[in-house]
Amino acid sequence: MTFRIQNRDARRLWLNTQGLAATPTGPLDLLQIIKNLGFVQLDTIRNVTRAHHHILWSRNQNYREPMLNKLLAEKRALFEHFTHDASVLPMEFYPMWKRQFRRMGEKVNRSAYYKTGLCEADLEAIVARIEAEGPLSTHAFDTKITGKKEMWARPPHKLALDNMWYAGKLSTSHRESFKKFYDLSERVIPHDLRNQDHPDDAQIDWLCRAALDRLAFGSPTEIQRFWEATERQEVESWIEKSKEGLKQVELQAADGNWSTALAPIDIERRVEVALQPTTRLRILNPFDPAIRDRTRLYRLFGFDYRIEIFVPASKRIWGYYVYPLLEGDRFVGRTEIKADRKAGKLKVARFWPESGVKWSGARADKLEAELYRFARLVGAETVDWVCQHPTKSLAQ
């Protein structure tokens with residue numbers, strides 16, 4: 001008989017798997033959080049704090065911004081590469097990432113965007129400088145953009161550094177104010193991990209199993225999109241070969257409809273032991289892995305969310321950088337906030353309750369408490385409401 005997962009159980013399991021069910025307090029094991037998630041996306045925008053810091057803080061609010069670079073640069077417990085976007089991954093995953101270096105290296109070599117115009121001698125000179133001088137950022141080089149200067153145009157040396165980074169020849173040594181420093185991979189990646197070799201089918205098996213483990217349940221497309229390190233046909237082939245170790249389940253969506261999904265063989269136990277989500281109100285980052293797949297988010301929670309940073313201001317439905325508000329297993333609103341670090345303030349520019357959600361005084365107090373906790377992460381002492389504060393008058 002097919003195992004059926006009711007929608008509330010699916011939400012509970014997903015939030016538990018994503019590290020968002022438990023109250024985000026207690027001893028901090030940062031590396032374990034990243035292992036549990038699989039990777040953490042990096043992003044340049046610092047509206048309050050950069051996405052990677054916010055994602056980690058959401059799992060344990062004892063986290064502080066310098067801790068991630070310490071794991072990367074000093075402890076060498078992480079490496080940087082490309083999943084669906086630039087991310088940090090646990091260093092122990094490195095041997096199972098080698099085909100991704102090859103895939104990405106081949107991809108950028110085929111891309112017109114990544115054509116550097118540099119000859120082989122130029123590339124060798126870049127590597128020779130890094131070998132002689134140690135880790136270098138793009139600011140150590142001075143090649144110029146030629147031709148029309150498009151928005152995303154990069155100088156030749158930057159493209160060359162990235163090409164070698166994608167292919168695994170160079171690795172991120174460390175970051176300074178988010179500026180990436182490139183070094184030879186043999187000086188960054190531990191010898192025993194760099195020299196492990198696994199055939200492609202073993203790496204694909206690991207990638208698919210690790211993805212499904214962190215999804216708890218999902219479609220072939222969701223498995224493929226988790227790392228973006230496999231092709232759809234590779235995932236389908238893996239499912240066919242591995243079906244005795246997988247379980248097909250029926251999953252109820254927020255609208256009551258049912259669909260089939262794949263799950264680990266121990267899915268019934270996972271549902272049984274998954275924690276009930278904390279009732280604390282949470283401010284999630286737009287790039288948080290729990291909400292990154294907007295289709296999955298809508299199916300499970302009925303929460304329609306898009307990030308509009310690339311949408312012209314006049315065409316935005318909500319705002320530039322809008323944070324979803326999660327309470328228990330329900331999204332109850334969204335808000336646009338920004339930190340003024342110099343002034344020590346967190347500014348709430350706009351607030352929208354979700355339709356059908358009553359904003360009582362108690363719920364508004366929960367949001368206020370979380371805003372002050374978020375403010376402390378960036379050294380702010382006050383929260384200023386530029387817009388109307390949520391009260392009972394906002395009840396829908």
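In which sense do S5 and strand S6 pair, and over how many bridges? The pairing of S5 (residues 170-176) with S6 (residues 179-184) is antiparallel and spans six bridges. This is a predicted model. Its largest nonpolar core has 53 residues, and another core, of 45 residues, lies apart from it.

- Glutamate 176 sits opposite lysine 179 in S6.
- Two residues lie between the strands of the hairpin.
- Serine 177 takes a positive phi there, near 50°.

**Sheet S2-S4-S3**

- Three strands form an open sheet in the order S2-S4-S3, and their pairing is antiparallel.
- Strand S2 (40-41) and strand S3 (78-82) stand at the edges.
- Each edge strand has a single partner strand, so one side of each is left without a neighbour in the sheet.
- S2 pairs with strand S4 (residues 86-90) over two bridges, in the antiparallel sense.
- Within that pairing, glutamine 41 stands opposite serine 87 in S4.
- Helix H4 (residues 66-74) lies across S3 and S4.
- H4 runs at about 95° to S3.
- Strands of a sheet pair through backbone hydrogen bonds, either parallel or antiparallel.

**Helix packing: H1 with H13**

- Helix H1 (residues 7-17) and helix H13 (residues 294-301) have axes that come within 9 Å.
- The two axes cross at roughly 135°.
- H1 and H13 are therefore oblique to each other.
- H1 contributes Asn7, Ala10, Arg11, Trp14 and Leu15 to the contact.
- H13 contributes Arg296, Arg299, Leu300 and Phe301.
- By class, five residues of the contact of H1 with H13 are nonpolar, one is polar and three are charged.

**Helix packing: H9 with H10**

- The axes of helix H9 (residues 200-215) and helix H10 (residues 220-227) come within 9 Å and cross at roughly 105°.
- H9 is therefore roughly perpendicular to H10.
- On the H9 side, the contact is made by Trp206, Leu207, Cys208, Ala210, Ala211, Leu212, Arg214 and Leu215.
- On the H10 side, the residues are Glu222, Ile223, Phe226 and Trp227.
- The contact of H9 with H10 has 10 nonpolar residues, no polar ones and two charged ones.

**Nonpolar cores**

- Phe79, Phe217, Ile223 and Trp227 have the most contacts inside the largest core.
- H9 supplies the largest share of this core, seven residues.
- Beyond residues up to four places away in sequence, phenylalanine 217 touches Ala10, Leu13, Trp14, Leu212, Glu222, Leu251, Leu262, Ala263, Arg296 and Leu300.
- Among these partners of phenylalanine 217 are Ala10, Trp14, Arg296 and Leu300, which also take part in the contact of H1 with H13.
- Leu212 and Glu222 are partners too, and both belong to the contact of H9 with H10.
- The separate core of 45 residues includes Leu37, Ala51, Val88 and Ala364.

**Arginine 99**

- Where does arginine 99 sit? Its place is in helix H5 (residues 98-110).
- Is arginine 99 buried or exposed? Arginine 99 has a relative accessible area of 4%, so it counts as buried.
- Leaving aside neighbours within four places in sequence, arginine 99 is in contact with Asp200, Gln203, Ile204, Leu207, Ala229, Thr230 and Glu234.
- One of these, Leu207, also meets H10 as part of H9.

Technical notes:
Residues are numbered from 1 along each chain as its sequence is written. This is a predicted model: local features need pLDDT of at least 70, side-chain atom pairs count only at pLDDT 80 or more; totals for chains, interfaces and linings use all residues. Side-chain values use heavy atoms; hydrogens and water are left out. Axes are lines fitted to C-alpha atoms, for helices over the stretch in contact, and angles run from 0 to 180 degrees between N-to-C directions. Helices (H or I, at least four residues) and strands (E, at least two) are DSSP runs, numbered from the N terminus. Angles under 35 degrees count as roughly parallel, over 145 as roughly antiparallel, 65 to 115 as roughly perpendicular and the rest as oblique. Contact means heavy atoms within 4.5 Å. Ala, Val, Leu, Ile, Met, Phe, Trp, Tyr, Cys and Pro count as nonpolar, Asp, Glu, Lys and Arg as charged, and the others, Gly among them, as polar. Buried means under 20% relative accessible area, exposed over 50%, partly exposed in between (1.4 Å probe, protein chains only). Two strands pair if DSSP finds at least two bridges between them. A nonpolar core is a set of buried Ala, Val, Leu, Ile, Met, Phe, Trp, Tyr and Cys residues joined through side-chain atoms within 4.5 Å.
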